[in-house]
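Please keep the structure in view while reading.

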Amino acid sequence: MSDAWIGFPVGIAVALLVVPAGVRGLLDAGLVRENYRGARVAFPLGAVLATAALVALAPLAILDDRADLDLLVPDLRRWLPYLLGVAFLGFLDDSLGLGERAGSPRGWRGHARALREGRLSTGAIKALGALALAAYVVSGRGLESWRYLADVALLILTTNLFNLLDLRPGRAEKVLALFAAALCVGAWTLAPLELLGIFAGAVLVGAWFTLRERAMLGDTGSNLVGAIAGVWLLTTLGGTARLIALALVVALTIYGEMRSISKTIESVPPLHWLDSLGRE
């Protein structure tokens with residue numbers, strides 16, 4: 001029996017040490033940004049979460065190899081480039097992008113329009129880079145051409161969906177937690193946590209800081225959280241279920257590009273309650 005589930009509590013334990021220090025480091029360095037209420041918070045927390053996951057990887061990898069323990073799922077090697085790659089692309093956008101400044105491209109349509117005008121925004125670089133990474137990590141799985149393209153689309157669009165969701169503190173992390181619960185209970189497996197427990201543990205600890213408006217995920221963090229969800233969908237669901245998930249993600253993405261997800265959530269009392277839960 002695999003002991004890879006241990007990666008989740010180890011990820012939490014390491015994050016409890018790394019994330020508070022990382023948040024203080026961001027604040028001391030003046031790396032802050034105003035959130036939706038105008039509060040200045042540490043930014044981007046996603047860079048700290050990715051670092052915490054990598055730190056947790058070290059002891060698990062050493063014990064897995066030297067002590068002949070089964071603490072890491074071998075398939076992690078396939079997905080790690082995508083997780084870290086999209087986090088880096090998000091960090092590039094956080095660091096060099098125009099953010100909310102007037103005239104800056106926003107959404108798929110905005111970045112596509114910038115490309116047509118001969119301007120390559122950091123958002124477009126992020127989208128193109130994510131496409132390349134997804135095409136790479138999904139390859140070599142023996143899929144038919146159309147299923148390969150569908151899985152690439154599911155991975156990219158799920159990653160982007162969490163970027164659309166991350167407009168309020170803790171929202172993306174809560175949706176990820178619901179993803180994990182639904183997949184683990186629905187498939188009656190701990191495979192998602194066994195595969196990416198070190199990342200999920202870091203995100204869980206980071207939620208304490210985002211909910212209390214002490215830090216903001218940034219594109220670095222929302223990309224990382226979305227990548228976790230996307231990989232979970234690809235590795236947990238069967239072929240038909242992945243196609244259904246793709247249809248749902250496409251519908252939500254189109255809705256998020258055309259309408260305000262936040263206004264929709266606020267207009268539905270149960271969703272508003274869940275969205276506000278734990279937030280100051």
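## Pockets, packing and backbone

Among the elements that line the second largest pocket, α7 gives the most, with 8 residues. The model is a predicted one. The space in this second largest pocket comes to about 670 Å³. Its lining has 27 residues, and those nearest the centre are Leu165, Val175, Leu178, Phe179 and Leu252. Two or more lining residues come from each of α6, α7 (171-186), α9 (218-236), α10 (239-258), α11 (261-267) and α12 (269-276). Sorted by class, the lining of the second largest pocket holds 21 nonpolar, 3 polar and 3 charged residues.

A cavity is a space that the probe cannot leave, whereas a pocket is open. Rolling a probe the size of a water molecule over the atoms shows where empty space is left. How many cavities of 30 Å³ or more are there? The count is 1 cavity. The largest cavity has a volume of about 50 Å³. Its lining consists of Ala4, Gly7, Leu60, Leu71, Leu72, Val73, Leu76, Glu194, Leu195, Gly197 and Ile198. Helix α8, residues 191-211, gives the most to this lining, with 4 residues. By class, the lining of the largest cavity has 8 nonpolar, 2 polar and 1 charged residues.

Next come the helix pairs. Two packed helices are described by the angle between their axes and the distance between the axes.

| Helix pair | Angle between axes | Distance between axes |
|---|---|---|
| α1 (residues 7-28) and α2 (residues 45-66) | about 140° | 8 Å |
| α3 (residues 76-96) and α9 | about 155° | 7 Å |
| α5 (residues 122-138) and α6 (residues 145-165) | about 140° | 9 Å |

Take α1 and α2, which pack at an angle of about 140°. That angle makes α1 oblique to α2. The crossing of α1 past α2 is right-handed. On the α1 side the contact is made by Gly7, Val10, Gly11, Val14, Ala15, Val18, Val19, Gly22, Val23 and Leu26, and on the α2 side by Leu45, Val48, Leu49, Ala52, Val55, Ala56 and Leu60. These contact residues of α1 and α2 divide into 14 nonpolar, 3 polar and no charged. Gly7 of α1 and Leu60 of α2 take part in this contact, and Gly7 and Leu60 also line the largest cavity.

How are α3 and α9 oriented to each other? Their axes meet at an angle of about 155°. Angles over 145 degrees count as roughly antiparallel, and α3 is therefore roughly antiparallel to α9. The crossing of α3 past α9 is right-handed. From α3 the contact includes Trp79, Tyr82 and Phe91, and from α9 it includes Asn223, Leu224 and Ile228. By class, the contact of α3 with α9 has 12 nonpolar, 5 polar and 3 charged residues. Among the charged residues of this contact are Asp93 and Asp94 of α3 and Asp219 of α9.

The pair α5 and α6 packs at about 140°, with axes 9 Å apart. The two helices are therefore oblique to each other. The crossing of α5 past α6 is right-handed. The contact is made by Lys126, Ala130, Leu131, Ala134, Ala135, Val137 and Val138 of α5 with Tyr148, Asp151, Val152, Leu155, Ile156 and Asn163 of α6. Of the residues in the contact of α5 with α6, 10 are nonpolar, 1 is polar and 2 are charged.

Two details of the backbone remain. Most residues other than glycine have a negative phi, and most peptide bonds are trans. Which peptide bond is cis, with omega near -5°? The bond from Phe43 to Pro44 is the cis one. Pro44 is in the loop between β2 (40-42) and α2. Asp68 has a positive phi, near 60°, and is a residue other than glycine. Asp68 lies in the loop between α2 and α3.

How values were computed. Residues are numbered from 1 along each chain as its sequence is written. This is a predicted model: local features need pLDDT of at least 70, side-chain atom pairs count only at pLDDT 80 or more; totals for chains, interfaces and linings use all residues. Side-chain values use heavy atoms; hydrogens and water are left out. Axes are lines fitted to C-alpha atoms, for helices over the stretch in contact, and angles run from 0 to 180 degrees between N-to-C directions. Angles under 35 degrees count as roughly parallel, over 145 as roughly antiparallel, 65 to 115 as roughly perpendicular and the rest as oblique. A crossing is left-handed if the near helix is turned anticlockwise from the far one by less than a right angle, and right-handed if clockwise. Contact means heavy atoms within 4.5 Å. On a 1 Å grid over the protein atoms alone, a cavity is a set of points where a 1.4 Å probe fits but cannot get out, and a pocket is an open set with protein on both sides within 12 Å along at least five of seven lines; lining residues have an atom within 4 Å of a point. Grid points are joined across faces, edges and corners, and a volume is the space filled by probe spheres set on the points.
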